[in-house]
2 protein chains.
Amino acid sequence: MSFYSQGPHTYKVPFTLHAENRQRFFEAFNTEAKPTDAEAIVLQGGKQQSQYDTDRELLFRQESYFHYLYGVKEPDCYAVLIPVIKLSVLLIPRLPQEYAVWMGEIKAPQFFKEHYLVDEVMYVDELASFLKSKGIAKIHVIHGVNSDSGSSSPETSFDGMTDFQVEKGVLYPILTECRVIKSPEEIKLLRYVNKVSSDAHKYVMRNCKVGMMEYQLESMFLHHVYTFGGCRHVSYTCICPNGHQTAVLHYGHAGAPNDRVIDEGTMLLLDMGAEYHCYGSDITCSYPVSGKFTEDQKHVYEAVLAAVDAVKAAMKPGVSWVDMHLLAESVIIEHLLRMNLIQNGTVQELQDECIGALFFPHGLGHLLGLDVHDVGGYPSCGPPRESRPGLRSLRTARSLKAGMFLTIEPGLYFIPASLEPAFKCPNKSKYLNEPLLRQFFSFGGVRIEEDVIVTDDGIETLTQVPRTVKEIEEWMAGRD
Amino acid sequence: MSFYSQGPHTYKVPFTLHAENRQRFFEAFNTEAKPTDAEAIVLQGGKQQSQYDTDRELLFRQESYFHYLYGVKEPDCYAVLIPVIKLSVLLIPRLPQEYAVWMGEIKAPQFFKEHYLVDEVMYVDELASFLKSKGIAKIHVIHGVNSDSGSSSPETSFDGMTDFQVEKGVLYPILTECRVIKSPEEIKLLRYVNKVSSDAHKYVMRNCKVGMMEYQLESMFLHHVYTFGGCRHVSYTCICPNGHQTAVLHYGHAGAPNDRVIDEGTMLLLDMGAEYHCYGSDITCSYPVSGKFTEDQKHVYEAVLAAVDAVKAAMKPGVSWVDMHLLAESVIIEHLLRMNLIQNGTVQELQDECIGALFFPHGLGHLLGLDVHDVGGYPSCGPPRESRPGLRSLRTARSLKAGMFLTIEPGLYFIPASLEPAFKCPNKSKYLNEPLLRQFFSFGGVRIEEDVIVTDDGIETLTQVPRTVKEIEEWMAGRD
Ligand SMILES: [Mn+2]
Ligand SMILES: [Mn+2]
């Protein structure tokens, strides 16, 4: 058997996972596209890139569609799949003899064939002639727009491509849909990487201290998932704000690089997830650096946790993700009313007036897998994106299916850039307790994020970290 | 005063460093290009990029020429410099109001002006109209080929660019040459990042153990330089082989990702360097994981160390880097003769027959700074690249000048891909003790790498790690 592994203490991913992915893809493609035996699929793997014009290589990460079907860690490969005969070919770059001196042993095609469990391996420069030898006249390539980024997929190109009829409209939606439903082997791997990330979150939770820099928690997390989990990559840049910056949803980027001191009495919001063999996780923990919640911190936290719990209890196949978002939002509104932060309306009225989205502006959660915001959120046949605040940020509006892997991540934030304009707007301000809300501007916000698989009759929660106020306080006090 | 800093325990880089860089650049440009008052320089900063077509942002790292002049950590900026009046302008992207919710506070131009010590700050969309308001007709942009990668610099482009005469031939060599000689402020910063990297190497040296995975040493290093030095980036992917893979010069890449177990009795070769405020370091330590050198390990190691010491003793302004490479090579040949690994010739004969390059195939060292293989190695007016094995891999053939920052990194490797063909070649094989050399194939190799500044009469060594066999053994045994 052939595996991807990062050593004896890490998970062994069998390459049969990808062989099975290819089989599922062949079934779907043959059913939906009804190809002739003169048709093939050509995929281009990720290219090794350098930083600007220098010779400094960026850490390579395989392109996700390619990885889904092949699981190949090496850059600059191609793939050919012939659907009618279910033939899988991997094409590797022909390396110069010098490579052996600078980069290491040059492995023969036979090695790749046995390692990656493909039918044939050849060199990239043989691509066009191989297609011709098989009587291929038409090739299908990836072509589509990612619904999260709005960016187009990279164009496939290879020497001799102009000799073939190129079909761009068929492959993308079929392959995308394959990625949406996770297989049993994929789920095992996702359990592993979620466990690795959960353990690292727990470690950070116990070891954070007032006076540390936010990036020192990022570093702790990265070190933990790499050392103990073999995860060289994370699914996204770590988001590690404390204090009022916890209300900055995508903190951690170049302009706000987790570079503030952690102050006494503040909340931390740590959104960090590791990636193993390109499969990701996406977990957020929020807690007071002191290890002890104040009354305010507890109320805000428990509002968000109640939203998580309500959604988890309601999730199962057939349920609409839009409804789940609205459910979470209504729970948060309920709690805000109870805290007297909002007023003068029922939960329904406040929801209808979009008061919830002032405090919870992002979507409830998203598909997750090879990409942190995984593909397939808005298929052409599926429900379109809604326009209401909150809902318009949802990364999918689909109904749940068994095998979908999603995050549940409601949040409750006090964002000046969101509330200041609302205070000035009569339709909104009448619902807002402005003086009290202003006192929460220094609070920031709370987000709780867990990763769950939809099962036949509910969900399986993969994230395992202390979640209730009591659990967190016990854990941070050093008790298990 | 305005600084870049990663918190109280880290170095404060004054932004006057970049103001001084701009002044030095203005002097050089005005002297060499003799611009009129209708000429300006336009630079495009690094762009925030995403992974393939997804919305996963890659960790941003500023483009080096832009960083040299401005030291700006934010992506998507531009710069205008008007040399005749020595005016420095920074142009920042105009961010949508939504940015405040997702990414954090939108800082006003005034903030950037005071923080980065520039004359004026405006929005990128004002670039063309600003140039016109200043009567600029001709703009100079970066255009050149990096002598290490062979890649061309990214093309500058902005809205309205076609209204100006664009000159590509003047700026690149002048700005490149400015980067070659480090200023006193730059040297202070380079001392810091070298100290941070040295300390992390020392930590790894003491904490490595048989049975660990190679990447666990990489992780230890990354964690140490980030936590204690505030270094979010490293200058290059960590190279962490053990055993025979120590002979793979660029180990650590996607195809050989530091993923082997560290075996008993092997040598480690750890080539790792942190980067702070985009200024880098590049350090290699080689030592036995056991903490105790065998006789063979000691002989090979001391051959390389003797080469380092010989070069350090000879370096000063005016000395040719080609001569330094040949000096290091001759010391290594001398030691190989003493070990009976090569034979039947004097040092000079063996060097003339290119026997040294079989064991030491890469260059002695390279310029270092904002890029790990820094620019300026082969200026058009300078000595060209030589064609001999060894010398053809040298990243510069220049004579030393005070203020140059270089690595000294001789190595001695037993590389099957290099020696096997030599055994078959009569002109080479007569000098090689094949049976004894074959016994060293499992050894791999040794590299020692230090970073030095050329001073007025010699060098200053910035790298501070245990170097002699005795120092390493003492340090690994826990003694200081
Ligand atoms: Mn998420
Ligand atoms: Mn180097």
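This tour moves through a predicted model, from the contact between its chains to the metal sites and then to selected side chains.

**The contact between the chains**

Begin by selecting chain A and chain B together, where the contact takes in 78 residues from chain A and 77 residues from chain B. The two chains bury about 6,000 Å² between them, and 54% of that area lies on carbon and sulfur atoms. Next, pick out Y52(A), D53(A) and W102(A), which supply 14% of the area that chain A buries against chain B, more than any other three residues.

With the polar atoms shown, 42 residue pairs in polar contact can be counted between chain A and chain B, both members being at pLDDT 80 or more. Then colour α3 (99-102), α8 (214-229) and β9 (233-234) of chain A, each of which supplies at least two residues of the side that touches chain B. The largest share of that side, 9 residues, comes from α8(A). By residue class, the side of chain A that touches chain B divides into 31 nonpolar, 30 polar and 17 charged residues.

**Salt bridges across the contact**

Select R395(A) and D55(B), whose side chains meet in a salt bridge at 3.1 Å, N to O. This pair crosses between chains, from the loop between α12 (356-359) and β14 of chain A, where R395(A) lies, to the loop between β3 (39-44) and α2 (64-70) of chain B, where D55(B) lies. D55(B) is partly exposed, with a relative accessible area of 22%. Another crossing to select is that of R56(B) and E275(A), which form a salt bridge with their closest N and O atoms 2.7 Å apart.

**The manganese sites**

Two of them link distant parts of the chain, since D282(A) lies in the loop between β12 (279-280) and β13 (283-288) and E409(A) in the loop between β14 (405-408) and β15 (411-413), 127 residues apart. D282(A) is buried, at a relative accessible area of 4%, and E409(A) also counts as buried, at 8%.

For the manganese ion (ligand 2), select D282(B) (OD), H366(B) (NE2), E409(B) (OE) and E449(B) (OE), which coordinate it at 2.1 to 2.3 Å. Here D282(B) is buried, with a relative accessible area of 3%, and E409(B) is buried, with 9%.

**Inside chain A and chain B**

Turn to S286(A), which lies in strand β13 of chain A and counts as buried at 1% relative accessibility. A polar atom of the S286(A) side chain lies 2.6 Å from the backbone oxygen of R447(A). Beyond its neighbours within four places in sequence, S286(A) is in contact with residues including M267(A), F293(A), Y301(A) and I472(A).

Finally, select R467(A) and E450(A), which form a salt bridge with their closest N and O atoms 2.4 Å apart. R467(A) lies in the loop between β18 (459-461) and α16 (469-476) and E450(A) in strand β17 (residues 450-454), so the pair ties together parts of chain A that are 17 residues apart in sequence. R467(A) is buried, at 8% relative accessible area, as is E450(A), at 3%. In chain B, the side chains of E450(B) and R467(B) meet in a salt bridge at 2.5 Å, N to O.

Conventions
Residues numbered from 1 in each chain as written. Chains lettered and ligands numbered in written order. Predicted model: local features only at pLDDT ≥ 70, side-chain atom pairs only at ≥ 80, totals over all residues. Heavy atoms only, no water. Contact = heavy atoms within 4.5 Å. Buried area = accessible area lost by both parts, 1.4 Å probe. Salt bridge = Lys/Arg side-chain N within 4 Å of Asp/Glu carboxyl O. Polar contact = N/O pair within 3.5 Å; in protein donor to acceptor, adjacent residues only side chain to side chain. Helix = DSSP H or I, 4+ residues; strand = E, 2+ residues; numbered from the N terminus. Nonpolar A, V, L, I, M, F, W, Y, C, P; charged D, E, K, R; others polar. Buried < 20%, exposed > 50% of the residue type's maximum accessible area, 1.4 Å probe, protein only. Donors = N, O, S within 2.8 Å, 3.2 Å for Na, K, Ca; no water.
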